[in-house]
Amino acid sequence: MNTVQSSIKYKLSGSVLTKTLLALLLCGAGNARADLSTFEGAFSNELEEASAKANQSTYNALLLQGCSDQQFEESADCSGTTFGVFSNVRELVHTANELSGKGPRQFSLGTDIEGLGFALRWTAGEEFAGQASITKDFANGQLSGLASRLTALRFGATGFNLTVDNRDFDTTVASTEQSYSLGGGASADNSTDNIGGFSRWGGFLNGSYGTGDRQATSLEDAFGFDGYQINAGLDYRFNNHYVAGAILAFNDQEIIFDPSQSIVDGGIKSDGFSIMPFVLYQAEQIYWSFSLGYQKMNITTDRAIRYPSINPDINSINTRALGATDSTTISLFSNLGYSFRFNAFAIEPYLSFDYLDISIDSFKERDINDNNFNLSVADQNIKSNEIALGLNILYTFTPDFGVITPSINVQLRNQMEDSSRNISASYSGSNVSENFNLATNKLDNKYYVISISLSSVLWGGSQTTIDGDSSGGLQAFLNYKFVEDLDYFSQEVFTAGIRYEF
């Protein structure tokens, strides 16, 4: 029987036959040992190619450590988890040997080249790329909450202020055409230090819910995601120009991998907190803000490994690997804008800078069935450095019951850290480090973020005494945000919040 006849033990058809024949042409004839690298260029995508290299590297290293192609049981030189890992990678290598007609093949899965690529993708661990996505989403949500808070503090600059009517000891909301008014923060007075009888303190609470999905690529999996975030905080107005405060945020998020688009199953969950002090400066028309934040998250992963064996002597694989790790993020946000006002109408162009430095700790997975497919994943470091050019358009209505300000905000964002990164991992029991070097997709460097908002002053403050400070004012807002032209991603976020002066 010739090489080709001995290689094709099972019926192939269509594209599968084409791929297998291509692989055989790459191999050639002969009796020398073959391996997974023989099929380089014949697999379906880059991820399968990377997994083939990693599994072959592990196999070669364990042969040198004393494992053998002929052993059916543990030995003194190859036992425990080491033997378990070797058995797994040996099945993949022997499958390649059988397809090429070279080398030992008794532990082959008995599948074709497409089935071999299928098995390789299940072992790859590309799901870990989702950890960066879920971490960045929390950080971006906190920045969005900060932007909403700063807009609320600058509410007076959009064409209204709050005034105290001493004749009936109550607070009324009045429209204004003054060139400079900060009544939407904690002031309605144009002097630098006198804040017009209003409380310097303000408390706020924002809640948001976000959802979206990611399309599959040759390197990363498809998934859907959703989660909620709560932002609460306190601020203090020093005078009519400066406000300082801090936001404390909590979140709960989840990624569910989409097996209909990718060879994958499982998901990622996260929860955490963040704190972000901020300062706002506002002059007559120009405004500037700055914040520096810290974020801590707990991340758990659930990764399925599942592929069939046609060889009756080799079991099919069906297990899951569970992992847990922590992430830390340092964030910086700065925004500079200018307000053009035409009575109740305002146009505000601005420039913002967002920086994230994300560190994800190394961790080891646990295979729930002790099948030794669990991976040890090295530390990850992700940097995000975005500049945004934005335009905010607002109009203020002053009905009898309060103040209503609808607005639309459009940002063109430019990601300057757009290169691909690598995730290093190895089989936990192999004593071989960093065999998997999994590349991620290059980031899309230009995209748009569009927000539609509705802000309102529901009622103004009131005085307990005729000469006392006014407090008890309540403001609220709604916001809908979505992302456009970001490669592979779609996302929308719904946010609602209130602010109370006390």
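The legends below describe close-up views of a predicted model.

Residues are numbered from 1 along each chain as its sequence is written, and side-chain values use heavy atoms, with hydrogens and water left out. Local features need pLDDT of at least 70 and side-chain atom pairs count only at pLDDT 80 or more, while totals for chains, interfaces and linings use all residues.

**View 1. The largest nonpolar core has 46 residues.** A nonpolar core is a set of buried Ala, Val, Leu, Ile, Met, Phe, Trp, Tyr and Cys residues joined through side-chain atoms within 4.5 Å; buried means under 20% relative accessible area, exposed over 50% and partly exposed in between (1.4 Å probe, protein chains only). The members that touch the most other members are Leu36, Leu92, Leu116 and Tyr307. Two or more residues each come from elements including α3 (46-64), α4 (80-100), α5 (113-123), β7 (286-307) and β8 (317-338). The largest contribution, eight residues, is that of α4. Helices (H or I, at least four residues) and strands (E, at least two) are DSSP runs, numbered from the N terminus.

**View 2. Surroundings of Leu116.** Not counting residues up to four places away in sequence, Leu116 touches Leu36, Phe43, Leu92, Thr95, Ala96, Leu99 and Thr111. Contact means heavy atoms within 4.5 Å.

**View 3. Strand β10 (residues 345-360) and its pairing with β8.** Two strands pair if DSSP finds at least two bridges between them. The pairing of β8 with β10 is antiparallel and runs over 11 bridges; Ile330 has Asp357 of β10 as its bridge partner. Strand β9 (residues 340-342) also pairs with β10 in the antiparallel sense, over three bridges, and Arg341 is bridged to Ala346 in β10. A hairpin is formed by β9 and β10, with two residues between them, and Asn343 in the turn has a positive phi of about 60°.

**View 4. Strand β14 (residues 380-395) alongside β10.** These strands pair in the antiparallel sense over 16 bridges. Glu386 in β14 is the bridge partner of Asp354.

**View 5. Gln415 in strand β15 (residues 403-415).** Gln415 counts as buried because its relative accessibility is 2%. Its side chain makes a polar contact with the side chain of Ser384 at 2.9 Å. A polar contact is a pair of N or O atoms within 3.5 Å; within protein, one must be able to donate a hydrogen and the other to accept it, and residues adjacent in sequence count only if both atoms are side-chain atoms. Leaving aside neighbours within four places in sequence, Gln415 is in contact with Lys136, Ser384, Asn385, Glu386, Leu443, Asp444 and Asn445.
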